[in-house]
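Visitor: I would like to learn how to read a few features of a protein model. Please take them one at a time.

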Amino acid sequence: MDTKFIKFHTSLVYSHSDQDNMGLSNASEYVQGLYGDVTNVLRGTLLMQPTIKAYDNSTWVLDNLVGIANNFNYDSYGYGVYYDTVHGDISASNPLLVNNLLKRNTRVDRFVGTASADVDLLKMIGVDSKNHKLNYKVNLSYSKTHCKDFTWIPAWVQSNRVYLAKSNERLTKASRSYADALIENVLTYDATVGKHHFNLVAKPDLRRRKHRPVDRLGRQLHRALLPATSECRQHLCRKLRIQTHHPLLHRAYQLQLR
């Protein structure tokens, strides 16, 4: 919006993203307590024998086929696995099992708002000069970013050589908030005297940053509290308070004169 001596500019932007990351991508993320030749998705797919089923309801209980399965409740969660007596001594993992059981989700909401006003101070008081200009401009901006992280790493067993130990099972929920605010003032004077031109700029600004992380972590959870559905896990994560890292608040102020 423009008037005779002042101009206004505004902008509002909102964005939202919901990203489900792979449990083990081609970057081969490290997972503590994961035993066996469990690597990235592409390598795991190439190493998996074609005679092994993708899904197999019988693998919910493997106690009579895999010795250490007695310490697990859901064993392989209905995904196809190999047996030493049928497929031989291999330690490749079912990539569907690994990447569907390991949950890594990040949601990000961001808002950015800006506004500015440009004032011709000489015109405002009724002075119209070609050789002298005096302008004042104020810039205002504010941004708010909120991130939610959810990680679910359950215990499972595929064979005596490929499994994720119960002691390393964990459920984590984290949130991060970032806020930035800026107030910028610019005073500009332009003058032409004969063959000489002068330009003076004064620019004080104030910036404020705030960062607030919150983390929650649960380990070795009781299996009766952990249904297999993702909805139940999300509900449990909201209720979980086994170990809490209290929020840390960071603020930074900066004043600049130029």
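**Reading the features**

Guide: Y77 is buried, with a relative accessible area of 8%; buried means under 20%, exposed over 50%, and partly exposed in between, using a 1.4 Å probe and protein chains only. This is a predicted model, in which local features need pLDDT of at least 70, side-chain atom pairs count only at pLDDT 80 or more, and totals for chains, interfaces and linings use all residues. Residues are numbered from 1 along each chain as its sequence is written, and side-chain values use heavy atoms, with hydrogens and water left out.

Visitor: Where is Y77 found, and what is its phi?

Guide: Most residues other than glycine have a negative phi. Y77 is not a glycine, yet its phi is positive, about 55°. Y77 lies in the loop between α1 (41–47) and α2 (84–87); helices (H or I, at least four residues) and strands (E, at least two) are DSSP runs, numbered from the N terminus.

Visitor: How many salt bridges does a search of the whole structure find?

Guide: Side chains of opposite charge can pair when their charged atoms come close. A salt bridge here is a side-chain nitrogen of Lys or Arg within 4 Å of a carboxyl oxygen of Asp or Glu. The search finds six. One of them joins D18 to R107, with the closest N and O atoms 3.2 Å apart. This pair links distant parts of the chain, D18 being in strand β1 (residues 6–21) and R107 in strand β3, 89 residues apart. D18 is partly exposed at 44% relative accessibility, and R107 is partly exposed at 42%.

Visitor: Is E169, which meets K166 in a salt bridge, buried or exposed?

Guide: E169 is buried, with a relative accessible area of 0%. K166 counts as partly exposed at 28%. Their N to O distance is 2.8 Å.

Visitor: Which strand does β4 pair with over 22 bridges?

Guide: Two strands pair if DSSP finds at least two bridges between them. β4 pairs with strand β7 (residues 170–193) in the antiparallel sense over 22 bridges, and Y136 has L187 in β7 as its bridge partner. β4 also runs antiparallel to strand β3 (residues 103–120), joined by 18 bridges. There, N105 has F150 in β4 as its partner.

Visitor: Which residues does L97 touch?

Guide: Contact means heavy atoms within 4.5 Å. Leaving out residues up to four places away in sequence, L97 touches S76, Y79, V81 and W156.
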